Protein chains: 2
Amino acid sequence: MLKVFPIFFLFLQFTQLLQADPEATNMSLKMVRVLVYGGRGALGNAIVEHFKEKNCTVVSVDLAGNDHADDNIALDLKQDWAQQEAAVLSKIDGTFDGIFCVAGGWAGGNAASDEMVKNADLMWKQSVWSSAIAARIAAKHLKEGGFLQLTGAAPALDGTPGMIGYGMAKAAVQQLTKSLAASGGGLPKNSSVVALLPVTLDTPMNRKWMPDADFGTWTPLSWIAEHLYDWTTSETNRPASGTLLKITTSGGVTNTENH
Amino acid sequence: MLKVFPIFFLFLQFTQLLQADPEATNMSLKMVRVLVYGGRGALGNAIVEHFKEKNCTVVSVDLAGNDHADDNIALDLKQDWAQQEAAVLSKIDGTFDGIFCVAGGWAGGNAASDEMVKNADLMWKQSVWSSAIAARIAAKHLKEGGFLQLTGAAPALDGTPGMIGYGMAKAAVQQLTKSLAASGGGLPKNSSVVALLPVTLDTPMNRKWMPDADFGTWTPLSWIAEHLYDWTTSETNRPASGTLLKITTSGGVTNTENH
């Protein structure tokens, strides 16, 4: 036994080394290819850059191009939902290991606000149109065993009286996640879909608009980008398909809670 | 004590008689006025007719007019969400005791279906546009202590893989109900909002398309209409504001479950 131990230990170390650097093992055999819907936003850009650092091929879908991406697909705001879907699908070929939809925005307004419907319309287009089109791309171009990520919002697990349109759109995305994960949802075999439900992300725009907030309670973009890479390249590390993953950060430490 | 009993008993009977016929008491003092959004559909028409039988004033909002209604507001399908909101609000004056949104429809499609986005767009317009505009009408024209009803769907409490657009729209309406019921949602003081979540309603159209179904498991339109009248005319009988009221029918008997 005394002789076996060191050899086993060495083997374990070697295995861990391989796991710590996926590019050195199975990932060197096939190029990881991902699509980022909303690749020009703050979070989208962080994801594009992280996957490029990991030598992946990245397609960005957004209103404007992302110079770090290998390919860009431009959205046309004048098109309606079905036209936008058709235009995007017509420009995509091949398969993806991961598809991430991080398009979205924020606008407030309760039922007494004259802005409510206008803002609800904007939120629906930014979050629900993008998520539904990402789901359609996934149905057609995600690999078997691939990973689809959508973006919900932790507050939309309950009522959001001061931001009614935002809450409705995020609730729809969250229910879409449950539909896609269920049997018969239309995604490729063994694929997973997870919605991330952050509270506040640490973006330049949020720092600009909320300069006095405690940034230690905001989730770093790098946390999201690194976890998306992890979940895309390892099926075993992923949250269960259909998970609404509430993400909270406190004192700079980020934790998750499954819903 | 022997002499007091019969008098008390008589008084009790008299009180019960009054309660059983609200028109004979407080309802005769003020005319009950309600608005039915989707008043030309099967459920909408049942509601319009029931409230007219109870001598209420009824305003119907729909694509076409309902001859039983006192007033009709015609929707214009060519208008976008905000235009439709502005047009409807411009045609409404006075206050309402109850506002009921029973507009909606059904269309299927999972993520693999080429119809998914087209159908999701239709479901969104039929259910979410109408519910949001009904919420805006309520914010401006519902009486203090008034009753707003929206229409969700029991299956949308979870994933709906075979009817993705329908599920997203209904999930949005259900989250809207929670937002409106919360403090700061913008509805008038002491008003209530409840979403009804039926499984299948016993409508002529459903009988036509599902002729072999067990109609004893379908909820009668009269059950909805009678309960809406009850909840509008009595604040104490209502489900708590924010309730998602799942409605199931079995063997012709209808039961509810709060969510």
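In which loop does A:N55 lie? A:N55 sits in the loop between α3 (42-53) and β2 (57-62) of chain A; helices (H or I, at least four residues) and strands (E, at least two) are DSSP runs, numbered from the N terminus. The model is predicted, so to speak of local features takes pLDDT of at least 70 and side-chain atom pairs count only at pLDDT 80 or more, while totals for chains, interfaces and linings use all residues. Residues are numbered from 1 along each chain as its sequence is written, chains are lettered from A and ligands numbered from 1 in the order in which they are written, and side-chain values use heavy atoms, with hydrogens and water left out.

Phi of A:N55 is near 65 degrees, a positive value in a residue other than glycine. Most residues other than glycine have a negative phi. A:N55 is also exposed, at a relative accessible area of 52% (exposed means over 50%, buried under 20%, partly exposed in between, with a 1.4 Å probe and protein chains only). Another positive phi, near 60 degrees, turns up at A:N190, in the loop between α6 and β6 (192-198) of chain A. A:N190 counts as exposed too, with 57% relative accessibility.

Now for the two chains together.

As for the interface, 40 residues of chain A are in contact with 39 residues of chain B, contact being heavy atoms within 4.5 Å. The copies meet through the same surface, because 98% of the interface residues of chain A are also interface residues in chain B. About 3200 Å² is buried between the chains, and carbon and sulfur atoms give 69% of that; buried area is the accessible area (1.4 Å probe) that two parts lose on being put together, summed over both. A:V117, A:M168 and A:Q175 supply 19% of what chain A buries against chain B, more than any other three residues.

Four salt bridges cross this interface (a side-chain nitrogen of Lys or Arg within 4 Å of a carboxyl oxygen of Asp or Glu). B:K140 forms a salt bridge with A:D114, with the closest N and O atoms 3.8 Å apart.
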